[in-house]
Amino acid sequence: MPVVTMSGNIASGAREVGLLVARELGVDFVDQQLMVHAAQRCGVTVGSMAERDERRASFKERMSGLFRTFLERSAASGADPLSGATGLEVILSSSYAEMADDEPQVSDKLYLDTMTSIITELADTGAIVLLGRGSQMILKDVPTALHVLCIAPQKLRGYRLAERDGMGLDAAVKRTAESDRARNAFYRKFWKVDLEDPRLYDLTIDTSRLSFEAAAEVVAAASRTKAAAPVGV
């Protein structure tokens, strides 16, 4: 079964294409769940793990949005938001982490070792699409894994981000630049590589030239082919 890693800077389409690929292949798509698993293993909050994460800004924003949505839905349904709903403890711990003075810190080595262990275990299932977190580096020697990079011009990524998050274009373009710097620093720090080095990938897809749907079809087809007859094996 296919294993696919999806990489790319913010608003490049990596997440959107990855979700469609997972649906096409009938496998799981894993993004922020990695942070939850890693936090549980290390005995710290999600917020603590997010401090080391390549997608830390957008991750925290999504978690905050998820918490707000959860409370709104609970209020609308008349349910008690503290009555043990699935995943609530994780959401709460992420929020409370901001207020904790004695929050344990996650070292770079612990972060990398934990992510490597979790991603390797997930890949061993042989049927998964993974977004970021260095998965293309961690699984670079797995012959059946397909590694995909999504790219797009910064201006287009700014438009996408502005539309997605309801923000001004100038602020969105600024955020893409800040995110790019942070993510490039993450890969240089942990793996001494350039995120957009084409040698790290089997496929590089410009999502300004292909729709997300068309890109997903290409990735799914390539993944099936490589899983069936991996190169060099």
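**The sheet and its helix cover**

Guide: Strands β1 and β3 run parallel, joined by four bridges. Met6 stands opposite Leu131 in β3. This is a predicted model, in which local features need pLDDT of at least 70, side-chain atom pairs count only at pLDDT 80 or more, and totals for chains, interfaces and linings use all residues. Residues are numbered from 1 along each chain as its sequence is written, and side-chain values use heavy atoms, leaving out hydrogens and water. Strands (E, at least two residues) and helices (H or I, at least four) are DSSP runs, numbered from the N terminus.

Stay with β3. Both of its faces are covered. Ile128 and Leu130 are buried on one side, Val129 and Leu131 on the other. Buried means under 20% relative accessible area, exposed over 50%, and partly exposed in between, with a 1.4 Å probe and protein chains only. β3 also pairs with β2, again parallel, over three bridges. There, Asp28 has Ile128 as its bridge partner.

Now β1. Five of its five residues are buried. Val3, Thr5 and Ser7 share one side, while Val4 and Met6 take the other.

Next, the whole sheet. It is open, with five strands in the order β2-β3-β1-β4-β5 and parallel pairing. The edges belong to β2 (28–30) and β5; each has a single partner strand, so one side of each lacks a neighbour in the sheet. From one strand to the next, the twist averages 20°. Angles run from 0 to 180 degrees between N-to-C directions, with axes fitted to C-alpha atoms, for helices over the stretch in contact. Two strands count as paired if DSSP finds at least two bridges between them. β1 and β4 have five, in the parallel sense. Val4 stands opposite Leu146 in β4.

Helix α1 packs on this sheet, touching β1, β2, β3 (128–131) and β4. Its direction makes about 165° with that of β1. Contact means heavy atoms within 4.5 Å.

Helix α10 lies across β1, β4 and β5, at about 160° to β4. This helix has 17 residues, 212–228. At 1.5 Å a residue they should span 24 Å, and the end C-alpha atoms are 24 Å apart, which agrees. (The expected span is 1.5 Å times one less than the number of residues.) Its buried residues are Ala215, Ala216, Val219, Ala220, Ser223 and Lys226. Seen down the axis, they fall within an arc of 135°, so they line one face of the helix. The arc is taken from the directions between the helix axis and the C-beta atoms. An α-helix has 3.6 residues a turn, so residues three or four places apart point the same way. On the other side of α10, Glu217, Thr225 and Ala228 are exposed. What do the buried residues of α10 pack against? β1 (3–7), α1 (14–25), β4 (145–151) and β5 (203–206).

Last, the setting. The protein has ten helices and five strands. Of its 233 residues, 47% count as buried. Among contacts with a separation of 6 or more, residues 24 or more positions apart account for 73%.
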